[in-house]
Structure formats: structure tokens, C-alpha cells
Amino acid sequence: MIGTHNSMTYLKPRTWWMRLVNRWAKCQDKTLEEQLKSYKCFDFRVFYYRGSWCFAHGFCEYTSTTIYQALNKIEELKGNHTIYVRLILEKSNDMSSAFVNLCKKLETQYSNINFFGGNRKSDWKKLYTFSTGISDNKVHQYVSSMQPCSKLITPREYAKKHNEENLKKLSKDIDLFDFI
């Protein structure tokens, strides 16, 4: 199954200086609606900001859309398709227990979505195990941030150079891509 990595990074960064570094954080151009037309697996990186669970990737924070708005949009547009969403705590700031509560709530509230992940990004510690039972070793990331050259190349540059060859390496599990 092919999915989008850092699916919500098409959003506008929260501050002017985040816009300056967004080229290293941005992994998707297509909106969630556009991604849903071709893919049924999404990678949501969340952090808690001013009372809401929003999206982030590294230093870039995207606060114009909350996780609930995104999941409601998926529910509205998914049709008969089975949807998978990986949930990762991007910025912990002592929010691990709140993230666990979020995972429990989302799994109950959005029972038609198959959640997996439940990790804290800083150390990849598993904070919550979703009932789908999809283990971390079933997720393959064909993305620049997982490569030795990650500080030297942007996700867009990596995708342009490697997506075609990486699409030939698909697993029988979940494969996440930048700019697919």
C-alpha cells in the first residue's frame, strides 16, 4: 500500500521564519482532498498548540488545520475505501500522556479509520499501540529524512531523483513517499 509521508505539510507554515525553512520540511504539494483521490494511507505528525492538536514536521508548524478537521474530511470523502492513518507525536514537550489520550479518543471516535503508529518522533518510542496491530516494521519510508544525505537534500529533490526507482521496491506492507 502506497501512502503519503508527512501528509499535511502542504499547509502553510505558521510563521514567516518557518516559511524560510519549509523547503526542508515540506513533503507534499497536494491537498488532503487531492491525496485521497489516489492514496488511502496517510502520515500525520501532530503537536499540541494553543488548545488544539495541529500538524508539524521538524521545526515547521502548520496550525491552520487541526487533526479533527483533517479526519472529518477523510471521513467525508473516503467513500467505501479503507483508510489508514499513521499518527506520530512530532514535538513532545511533555505531551506524551496527552498524546496517548488523543490516540485512544481518535481510535474510538473514528472507528472507520485504521490507525497505526503511536510513536514519539524524538526517540521513536511506542507510546500507544492501536488495535489494528500494524507494527512499525511493516512501514517503509522512501523519504529523504531516512537517508544519510538528509541534511543536504530537500524532500522534493530526493523524491525527484529517487521516487521512480523506489516505486520498483514496493513491499507487501505500507510504503510512504514524499511528493508522490
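# Close-up views of the predicted model

**Figure 1. Both R45 and D43 are buried.** Here, buried means under 20% relative accessible area, exposed over 50%, and partly exposed in between (1.4 Å probe, protein chains only). The structure is a predicted model, in which local features require pLDDT of at least 70 and side-chain atom pairs count only at pLDDT 80 or more, while totals for chains, interfaces and linings use all residues. Residues are numbered from 1 along each chain as its sequence is written, and side-chain values use heavy atoms, with hydrogens and water left out. R45 and D43 form a salt bridge (a side-chain nitrogen of Lys or Arg within 4 Å of a carboxyl oxygen of Asp or Glu), and their closest N and O atoms are 3.0 Å apart.

**Figure 2. D136 and K126 form a salt bridge.** The closest N and O atoms of this pair are 2.9 Å apart. D136 belongs to the loop between β7 (125-126) and β8 (139-142), and K126 to strand β7, so that the pair links distant parts of the chain, 10 residues apart. Helices (H or I, at least four residues) and strands (E, at least two) are DSSP runs, numbered from the N terminus. D136 counts as partly exposed because its relative accessibility is 38%; K126, at 31%, is likewise partly exposed. Elsewhere, salt bridges with shared partners join D43, R45, R86, E90 and K121 into one network.

**Figure 3. A salt bridge connects R156 and D29.** Their closest N and O atoms are 2.7 Å apart. Because R156 lies in helix α5 (residues 155-166) and D29 in the loop between α1 and α2 (32-38), the pair ties together parts that are 127 residues apart in sequence. R156 is partly exposed at 40% relative accessibility, and D29 is partly exposed with a relative accessible area of 40%. The structure holds 13 salt bridges.

**Figure 4. The largest nonpolar core contains 34 residues.** Such a core is a set of buried Ala, Val, Leu, Ile, Met, Phe, Trp, Tyr and Cys residues joined through side-chain atoms within 4.5 Å. The members that touch the most others are F44, I67, L71, I74 and L87. Helix α4 (residues 96-109) makes the greatest contribution to this core, with 5 residues. Beyond its neighbours within four places in sequence, L71 is in contact (heavy atoms within 4.5 Å) with F44, V85, L106, Y110, I113 and F115. Another core, of 5 residues, lies apart from this one and has F116, V139, I174 and L176 among its members.

**Figure 5. K78 is buried yet has no salt bridge.** The nearest side chain of opposite charge, E75, is 5.4 Å away; Lys and Arg count as positive and Asp and Glu as negative, with His and the chain ends not counted. K78 is located in the loop between α3 (67-77) and β5 (83-89). Beyond its neighbours within four places in sequence, K78 is in contact with I83 and N112.

**Figure 6. N6 and R50 have positive phi values.** Most residues other than glycine have a negative phi. Phi of N6 is near 50 degrees, and phi of R50 is also near 50 degrees. N6 is found in the loop between β1 (2-4) and α1 and is buried, with a relative accessible area of 2%. R50 is found in the loop between β2 (41-49) and β3 (52-57) and, at 73% relative accessibility, is exposed.
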